Amino acid sequence: MKKKVILVVEDEVVIAMDLQATLIDLGYEVPTIITSGAAAIETALDLRPDLVLMDIHLSDAVDGVTAAAQIVQALDIPVIYLTAYADEDTLSRASLTTPFGYILKPFEARELRANIEIAFYKHGLEQDLKKHRQWLLAVLNSIGEGVAASDASGLIKFMNPVAEAMTGWSETEAIGRSPTEVFQFIDAVTRTLIDNPLLRSLQADSTVYLPENVLLLTRSGCETPVADSAAPIYNDRGITEGAVMVLRDSTSQRRMEAQLEHNALHDTLTQLPNRALFLDRLQQAVERQARSPEFGFVVMLVDLDRFKIINDTLGHLVGDQLLVEVAPRLKSNLRAADTVARLGGDEFAILLDDVTDVTDACYSAERIINELKKPFTINNHELFISASIGIVLSSIPYESTIDLLRDADIAMYRAKHQGQGSYRVFNAAMHRQAQVLMRREQALTQAIAYNQLRVHYQPIIALDTRVVTSLEALVRWQKPGEGLLYPDQFIALAEDIGVITSIDQWVLRQACQQLQTWQQMGTGAWTVADGRIVRHACSAEPAPTMAINVNLSSNHFAKNNLVDTFASILQDTGLEGHYLKLD
């Protein structure tokens with residue numbers, strides 16, 4: 001182990017030499033003896049010893065206390081004073097240099113060794129504490145949260161730079177002050193002061209947290225959203241010595257939360273309220289009316305006419321931009337209290353708050369229609385659109401917001417059938433018709449399964465020979481309770497609810513199967529007699545080929561497996577393809 005180097009500073013040479021010899025015998029290295037304060041400073045800076053034995057009284061102009069002070073400041077090494085006597089003033093000055101002990105002359109070797117080893121031990125502990133303190137300070141000063149600590153009485157004793165920046169108080173100014181003076185918290189809603197967490201933690205002897213929506217008032221009067229926690233500080237015996245508070249600026253977090261909440265309740269394209277937010281506000285209106293019957297409101301459903309054509313011909317980017325430009329036009333004709341929302345696609349919903357007069361609702365609809373008729377210029381395209389609007393008044397009792405939107409949708413479709421760029425107000429007659437339509441929709445989806453469809457065949461006749469050249473397959477619906485329904489009574493409905501392709505395929509299969517059956521009945525021409533199709537007996541002339549015509553909805557052509565589906569039907573029924581005509 002490397003020997004500890006000790007610098008001896010003693011102006012009495014005999015004592016100094018005796019001290020040097022003793023220290024060497026004790027296992028220390030003493031390279032030189034210094035007799036003056038000025039030389040002690042110079043030698044210490046050059047030698048950098050592990051410890052200095054300093055005569056407190058030196059005859060030099062620079063006494064031992066002054067020399068020790070400069071050495072400690074420069075090298076941070078332990079100093080032990082050698083003295084036979086000292087007055088109060090000298091001892092007082094010496095204490096300011098934080099010496100590691102005093103050795104009285106004459107000294108004993110055992111006492112000398114004990115003082116030196118104690119000095120080394122204490123200095124080592126101090127160095128470790130300093131390292132830890134510097135490490136902890138570096139951590140506290142580098143983290144992104146504000147940190148403040150108090151003593152057991154609740155007065156501030158530490159603040160890191162982030163806490164200084166957040167409060168506007170420097171650590172020097174804050175130390176010794178009450179936390180209530182430096183850290184003032186208020187409720188963002190009630191604007192009332194909130195008890196300081198540091199003091200609450202000390203009083204409760206537990207960790208405490210700030211509630212939500214708390215603002216920190218800075219020294220200059222600014223307000224910062226914050227989140228906070230405070231906890232007691234215990235010593236190794238479990239006694240509370242203070243408390244520490246961690247303060248986080250939550251401005252970014254709250255801004256992010258607000259943005260997420262906005263995104264959850266608003267349409268990303270138009271930034272209008274979305275369906276969820278609209279339904280929430282509509283529900284509030286329904287509940288308000290239940291409490292106050294004199295309150296009324298109006299729901300309008302707005303659907304853009306010809307939007308699909310624009311979308312399909314000019315592309316979705318142009319279509320999206322058109323929707324973006326429609327939004328402010330809708331809002332410009334309404335009050336701040338009203339709500340405009342995009343439900344999806346080209347469909348918008350409007351809630352007119354505190355409106356009971358149907359005339360006011362109609363005027364609003366007319367203004368919107370006229371506003372949307374004005375041309376839009378997008379990517380050098382001048383676009384013209386119109387809107388169909390369905391209106392529902394709260395004078396019709398509603399318990400469900402979905403029912404309100406449903407009836408507005410019914411009125412909107414009536415407006416579309418009436419002509420583009422028009423509006424309709426929902427009434428009881430529409431409701432009854434809608435109920436009939438809904439029941440018919442449900443029944444139509446089950447018509448195939450319940451074997452309620454029929455195929456009638458209309459002959460196509462060659463007038464010169466009165467021979468049936470082909471047949472047109474026509475579907476009928478034998479609906480229980482209503483009798484035989486013709487295509488104009490249910491085909492459009494079947495297209496709207498998406499069952500038309502299933503009906504067409506069923507008709508096609510039935511027609512192919514029937515023609516195949518007739519072909520297997522033998523040869524001879526088919527003619528019409530007394531309103532019936534009859535077949536003549538075989539003749540010398542071969543019978544003309546009779547085909548079947550089947551009508552198809554254009555919806556089939558949106559399906560990828562169209563050809564495969566028809567080929568499968570022909571294969572299953574055994575009918576050759578040239579006998580089938582599709583219209």
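The exercises below concern helices in a predicted model.

**Exercise 1.** How far does helix α1 (residues 13-25) reach from its first C-alpha to its last, and which of its residues are buried?

Solution.
1. Helix α1 has 13 residues.
2. At 1.5 Å a residue, 18 Å is expected, and the helix reaches 18 Å from its first C-alpha to its last, close to that value.
3. With buried taken as under 20% relative accessible area, the buried residues of α1 are Ala16, Leu19, Gln20, Thr22 and Leu23.
4. Seen down the axis of α1, these residues fall within an arc of 165°, so they line one face of the helix.
5. Exposed residues Val14, Met17 and Asp25 sit on the face turned away from the buried side.
6. After α1 comes Gly27, with a positive phi near 100°.

**Exercise 2.** At what angle do helix α13 (residues 316-332) and helix α14 (residues 358-373) pack, and which residues make the contact?

Solution.
1. The angle is about 145°, and the axes of α13 and α14 lie 9 Å apart.
2. The crossing of these helices is right-handed.
3. From α13, the contact uses Val326, Arg329, Leu330 and Ser332; from α14, Ile368, Glu371 and Leu372.
4. Sorted by type, the contact residues of α13 with α14 are four nonpolar, one polar and two charged.

**Exercise 3.** What span should the 20 residues of helix α18 (residues 500-519) have at 1.5 Å a residue, and how far apart are its end C-alpha atoms?

Solution.
1. The 20 residues should span 28 Å at 1.5 Å a residue.
2. The end C-alpha atoms of α18 are 28 Å apart, which agrees.
3. Buried residues of α18 include Trp506, Cys512 and Trp518.

Methods:
Residues numbered from 1 in each chain as written. Predicted model: local features only at pLDDT ≥ 70, side-chain atom pairs only at ≥ 80, totals over all residues. Heavy atoms only, no water. Helix = DSSP H or I, 4+ residues; strand = E, 2+ residues; numbered from the N terminus. Expected span 1.5 Å × (residues − 1). Buried < 20%, exposed > 50% of the residue type's maximum accessible area, 1.4 Å probe, protein only. Arc of directions from axis to C-beta. Axes fitted to C-alpha atoms, helices over the stretch in contact; angles between N-to-C directions. Left-handed = near helix turned anticlockwise from the far one by under 90°. Contact = heavy atoms within 4.5 Å. Nonpolar A, V, L, I, M, F, W, Y, C, P; charged D, E, K, R; others polar.
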